[in-house]
Amino acid sequence: MNNKIDAETNPLIAKNIKFLNRKQKLMINNEWVEPSSGNFIDVVDPATENVVSHIAAGNKVDIDKAVNAANEAFKCWSKVTPLTRQSLLLQLADLMEKNAERLSEIESIDNGKSLIIARNGDVGSSINFVRYMAGWATKIMGSTLDISAPHMPGAEFHAYIKKQPVGVIGAIVPWNFPLSMAIWKIAPALATGCTIVLKPAEQTSLSALILAELIIEAGFPPGAVNIVTGYGLEAGNSLVTNPGVNKITFTGSVETGKIVGRAAVEEMKRFTLELGGKSPIIIRKDANIDTAILGASMAIFFNQGQTCTAGSRLYIHQSIFDKVVDGVSKFAENINVQPGYDAACGMGPLVSDEQRNRVFGFIKSGIEEGAEVITGAKKLPGAGYFITPTVLKTSQKMKVVQEEIFGPVVCAMPFDDDEEALTLANDTRYGLAASVWTQDLRSAHDLAANIHAGTVWVNCHNVFDPNLPFGGVKQSGIGRELGKASIDGYLEDKTVLMKLN
């Protein structure tokens, strides 16, 4: 690893050198503060392996300060008018749009993803989601109910349910979509009147720090949003266990999610967990084959396969199996694996050397269990955490099929009929997403109803909308994000009953 910040290697670094060279502090109570430990974490460009910046290594002391600030801010922010919350969120969205190119460049530097994907996917969708959530701020409503109290004949009552913000939110987000995941937590929290402490992934915290600048500029009160960077074992664990936090919202691995959930239950905190996936793609024999090949390829190779909904298990009707596998393999072989800032980039590097080694560990285990490599399974020479897109022919019980890889590796298997396809698709501990490719409407509905997943796409994959709830079943998580479900997750019901006579 090169510890020198090199503005010549990556042109995006030259454009953002002032930001990258500054001392990245914590944002607590609308102020930039030094980490109490005095320690910082190297930020590595995955395309070059050069250190390009340093972020603060926050710990329990810093988390405690941030949670205290959030609790103080909640006293006033929870009583701010819905129209004010909406206005401030819209102002934040406008500032994000004004800084969209800067956010996109930093996301590409930090994560390694294509600048085009960062610009049109991560940043564009984040701006849209803030605006969507701003609209919800003025549309939160309770309800009135008629009650029966037979033990009190003749009594009159007025009963209603009032929606109130949960309180202080502790949010922990992953490294694959750093800005988007941060916004998925921050926007609904603010819209409902909650305050929040965000702990970004230590690998990819830079866009959250730019977001912190924009939150201050937008005019949010001190303490409404606090951002503490640092390692999960120190800052993340301290956030989950802090008694001043009322709800934890976590996106990440199943293993870490279970730890977070257990810790939250110990103190009876509310929690939402959006965890891993091993999403099946079912291509029926009546599918439009060319469309299905393109869709299946994008489903797994988008964002280097570092997507919780990546279509990593490819089930193909045996009559078209060879044709589809050949098509997906050719697509993979034609992907330009380049640094994200390169205009020709079709797939960037993985986020870290640790992640690349993890992906190769799965590929190796697959080969040892008898998987056939159709294409890929190679590290590219030179600097950067690059891997070639990989297509494997596998069998159902292989580790590479059963466990989430989080890389550009797809496992292809044939099936004979819909019943077998459904059995194979549901043979997993995960249940986040799936897609079905068919021109038969009845079969599409039948499969969608019976696949164990929170989202099922038909003739598309990885299509998201702010209005559609997102989350998983089984070990893919608890709760939902996006849509009205996201708002509901930050509110508590309070029942009020008045005797009128």
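E101 is partly exposed, at 33% relative accessibility; the label covers values between buried, under 20% relative accessible area, and exposed, over 50%, with a 1.4 Å probe and protein chains only. The model is predicted, so local features need pLDDT of at least 70 and side-chain atom pairs count only at pLDDT 80 or more, while totals for chains, interfaces and linings use all residues. Residues are numbered from 1 along each chain as its sequence is written, and side-chain values use heavy atoms, with hydrogens and water left out.

E101 forms a salt bridge with R119, the closest N and O atoms being 2.8 Å apart. A salt bridge here is a side-chain nitrogen of Lys or Arg within 4 Å of a carboxyl oxygen of Asp or Glu. This pair links distant parts of the chain: E101 lies in helix α5 (residues 100-111) and R119 in helix α6 (residues 115-136), 18 residues apart. Helices are DSSP runs of H or I with at least four residues, strands are runs of E with at least two, and both are numbered from the N terminus. R119 is partly exposed as well, at 30% relative accessibility.

Helix α5 also takes part in another link. R102 forms a salt bridge with E213, with 3.2 Å between the closest N and O atoms. R102 is in α5 and E213 in α8, so this pair ties together parts that are 111 residues apart in sequence. R102 has a relative accessible area of 22%, which makes it partly exposed. R22 joins R102 and E213 in a network of salt bridges. In total the structure holds 23 salt bridges.

A further salt bridge stays within one helix. K75 and E72 meet through their side chains at 2.9 Å, N to O. Both lie in helix α3 (residues 60-77), three residues apart, or about one turn of the helix. An α-helix has 3.6 residues a turn, so residues three or four places apart point the same way.

Next comes helix α8, which runs over residues 206-218. Its 13 residues reach 19 Å from the first C-alpha to the last, close to the expected 18 Å; the expected span is 1.5 Å times one less than the number of residues. Of the 13 residues of α8, 10 are buried, so the helix is largely enclosed by the rest of the structure. Among the buried residues are L206, L209, I210 and L214. After α8 comes G219, whose phi is positive, near 105°.

What of the cysteines? A disulfide is a pair of cysteine sulfur atoms within 2.5 Å, and by this rule the count is zero. For C76, the nearest cysteine sulfur is that of C194, 13 Å away. C76 is partly exposed, with a relative accessible area of 43%. For C411, the nearest cysteine sulfur belongs to C308, 17 Å away. C411 is buried, at 0% relative accessibility.

C411 is also one of the residues that T394 touches; others include A371, V400 and M413, not counting residues up to four places away in sequence. Contact means heavy atoms within 4.5 Å. T394 sits in the loop between β15 (390-393) and α14 (399-402). With a relative accessible area of 12%, T394 is buried.

The last stop is strand β5 (residues 143-145), where L145 is found. L145 is partly exposed, with a relative accessible area of 40%.
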